[in-house]
Amino acid sequence: MVFQQCFVASGLIAFLAFGCSVGANSSTENATQVVQESNVAQLFIEAKATQKAEYFFHQGNNLLDAQRYEDAIKAYDKTIAIKAENSEAWINRGIALTSLQRYKDAIASYDKAIAIKPDKYEAWYNRGIALTSLQRYKDAIASYDKAIAIKPDKYEALINQGIALTKLHRYKDAIAAYDRAIAIKQDLHQVYYNKACSYALQSNIELAIENLDKAIQLVPEKYKKLAKTDPDFSKVRSEKRFQKLLQ
């Protein structure tokens, strides 16, 4: 089967805008001015902290893009030390940890993001990937469900959910997930291939060949090569029609 990889969540931190006015004569007015100046000073400190957090966040993103995952995590840690409520930093930190196969730590990072913003579909989606990597398929399916509920057109989540369902031998549910993905985007070659795998595992030769043929028509070399050795096709590999398809 073909797994859909994770995506980097991006986000910007808004700068704080502030202004002040000067002018006072009486002692009461002077006292008010002191309070105002104190508030402005606090706003200035907060704005500087926000700017610094944004710098580390973008640094982390650049390092993540460069696949320098350990350095990216350090940059996100600096971001979070300043602005612990930055959900995007927690998500991207989780992605870096996932890339290092530190799946439990990644899940903890995604959970932090979800605690801050429960409607961040990126957190739920990438959490599902980490759970799948740990073979925690039921939990992964639940996580993908959350992502799909927030963003119904997230076909990547449907693909990965189909894979998790297949791992649990829930083939009909897996095929239903794949069909939902195809309804969103019809040229998903990996979905046709995964559907072929699900049908082959059920010894449904006709539909296995039909879907594999669709995948091969879209990306011939890739799927001919994969299907030759993919254990999911062990029940149908001896079929002449299957063998002819791979020629």
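**Figure 1. Aromatic cluster of Y193, Y223, F233 and F242 in the predicted model.** In this predicted model, the residues Y193, Y223, F233 and F242 together make up one aromatic cluster. The structure as a whole holds six aromatic pairs.

**Figure 2. The aromatic pair F57 and Y76.** The rings of F57 and Y76 form a tilted aromatic pair, with a centre-to-centre distance of 6.2 Å and an angle of 55 degrees between the planes. The pair links distant parts of the chain, 19 residues apart: F57 belongs to helix α1 (residues 27-65), whereas Y76 belongs to helix α2 (residues 69-82). F57 has a relative accessibility of 1% and therefore counts as buried. For Y76 the relative accessible area is 0%, so this residue is buried.

**Figure 3. The aromatic pair F233 and F242.** The ring centres of F233 and F242 lie 5.3 Å apart, and their planes meet at 40 degrees, so the pair is tilted. An angle under 30 degrees would count as stacked and one over 60 as edge-to-face. F233 is buried, its relative accessible area being 0%. F242, with a relative accessible area of 2%, is buried. Both residues belong to the aromatic cluster that includes Y193 and Y223.

**Figure 4. The charged end of K154 and the ring of Y125.** In this view, a charged group and an aromatic ring are shown together: the charged end of K154 sits over the ring of Y125. The distance from this charged end to the centre of the Y125 ring is 4.6 Å.

Methods:
Residues numbered from 1 in each chain as written. Predicted model: local features only at pLDDT ≥ 70, side-chain atom pairs only at ≥ 80, totals over all residues. Heavy atoms only, no water. Phe/Tyr/Trp six-rings, centres within 6.5 Å; stacked < 30°, edge-to-face > 60°. Helix = DSSP H or I, 4+ residues; strand = E, 2+ residues; numbered from the N terminus. Buried < 20%, exposed > 50% of the residue type's maximum accessible area, 1.4 Å probe, protein only. Lys NZ or Arg CZ within 6 Å of the ring centre and 35° of its normal.
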